[in-house]
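Subject: Structure for your review

Dear colleague,

Please find the structure below, together with its sequence.

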Amino acid sequence: MSQKPFLAFACAHLTDERLYAAQVAALEADYECVVFAFRDHDSLGGMAEELLAKTPAGFTLIALSLGGYLAFEIIRRELQRLERLVLMDTTAAADHAARRAGRLADIAKVREGGIEALIPELPARWLHPEHVRRVELTDLMADMARSIGARGQFNQQSAMLSRPDSHADLERMRVPVLAACGREDPVTPVHDHEVMVARIPGARLEIIENCGHLSTIEQPEIVNRMLKSWLRETEGVSVAR
């Protein structure tokens, strides 16, 4: 078994392992890196069970968007196993009525026309306006969505629709926590991260400039520097047991 510290990466909605390709490449020399993309579970509980079964007794979790919702479920289930936590472009708030309606509309759209019916809408929803014109990003988003597929889309949306408000759970954290988001994140804005950080003792907030919701692929070099620095700073910090 590797003696390197273990980093688990939890993917966002309709993204796969490529969401963290740049981060894994930057960190794998010093850390054991495993990326989790969920297709087969229609609940956060099922996703959490899979991740917990494939990680060591103590690990660092790096989670973006849907990955953050999964992180909150792990806090509720196995808090003692988290040595550090990175919450990126996510929110601890449960869905409001308009967000729920949007999820149900997406489910209906994909049920009717397959995943291809939804793909053209994703860049404008998630990316910084300047990045919508970057073909390499929009092509990557399309390929990742296809890899999750229609069934995976339904499962992920079902899991997100049933998630609770998680702000109170964050107050239980006693290990290093970093929250980070794109300055122009249109889905989970800066304010959502400020609210989370206010609930977590000692948490840090980093804002990534010129960036939307998918910070790891929109600004990979900035994210890599941020993670390397924070992981070095927090290495060896005693963990709650």
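Which residues in H2 meet which residues in H3? On the H2 side they are Leu44, Gly45, Met47, Ala48, Glu49, Leu51 and Leu52, and in H3 they meet Leu66, Tyr69, Leu70, Glu73, Ile74, Arg77 and Glu78. Contact here means heavy atoms within 4.5 Å. Helices (H or I, at least four residues) and strands (E, at least two) are DSSP runs, numbered from the N terminus.

Before the remaining findings, two notes on the source are in order. This is a predicted model, in which local features need pLDDT of at least 70 and side-chain atom pairs count only at pLDDT 80 or more, while totals for chains, interfaces and linings use all residues. Residues are numbered from 1 along each chain as its sequence is written, and side-chain values use heavy atoms, with hydrogens and water left out.

Helix pairs

Two packed helices are described by the angle between their axes and the distance between the axes. Axes are lines fitted to C-alpha atoms, for helices over the stretch in contact, and angles run from 0 to 180 degrees between N-to-C directions.

Helix H2 covers residues 44–53, and its axis comes within 9 Å of that of H3, with a crossing angle of roughly 75°. H2 is therefore roughly perpendicular to H3 (angles under 35 degrees count as roughly parallel, over 145 as roughly antiparallel, 65 to 115 as roughly perpendicular and the rest as oblique). The contact of H2 with H3 comprises 9 nonpolar, 1 polar and 4 charged residues. In this classification Ala, Val, Leu, Ile, Met, Phe, Trp, Tyr, Cys and Pro count as nonpolar, Asp, Glu, Lys and Arg as charged, and the others, Gly among them, as polar.

For helix H4 (residues 97–113) and helix H6 (residues 135–161), the axes come within 10 Å and cross at roughly 165°. H4 is therefore roughly antiparallel to H6. The crossing of H4 past H6 is left-handed, a term used if the near helix is turned anticlockwise from the far one by less than a right angle, whereas clockwise is right-handed. H4 contributes Arg100, Arg103, Leu104, Asp106, Ile107, Val110 and Arg111 to the contact, and H6 contributes Ala150, Gln153, Phe154, Gln157, Met160 and Leu161. By class, the contact of H4 with H6 has 7 nonpolar, 2 polar and 4 charged residues.

Individual residues in the helices

Leaving aside residues up to four places away in sequence, Gln157 touches His13, Arg103, Asp106 and Ile107.

Asp106, in helix H4, is also a buried residue, with a relative accessible area of 8%. Beyond residues up to four places away in sequence, Asp106 touches Leu118, Arg125, Gln153 and Gln157. Ala105 lies in helix H4 too, but Ala105 is partly exposed at 43% relative accessible area.

Gly68 belongs to helix H3 (residues 66–78) and is buried, with a relative accessible area of 0%. With residues up to four places away in sequence not counted, Gly68 touches Ala63, Leu87 and Thr90.

Loop residues with positive phi

Leu14 is not a glycine, yet has a positive phi of about 60°. Leu14 is found in the loop between strand S1 (6–10) and helix H1 (21–27), and is buried at a relative accessible area of 1%.

Asn210 also has a positive phi, near 55°, in a residue other than glycine. Asn210 sits in the loop between strand S6 (204–208) and helix H9 (215–218) and is partly exposed, with a relative accessible area of 27%.

Cysteines

How many disulfides does the structure hold? The structure holds 0 disulfides, a disulfide being a pair of cysteine sulfur atoms within 2.5 Å. For Cys33, the closest cysteine sulfur is that of Cys11, at 13 Å, which is too far for a bond. For Cys211, the closest cysteine sulfur is in Cys181, at 8.4 Å, also too far for a bond. Cys211 counts as buried, because its relative accessibility is 0%.

With kind regards

Key
Buried < 20%, exposed > 50% of the residue type's maximum accessible area, 1.4 Å probe, protein only.
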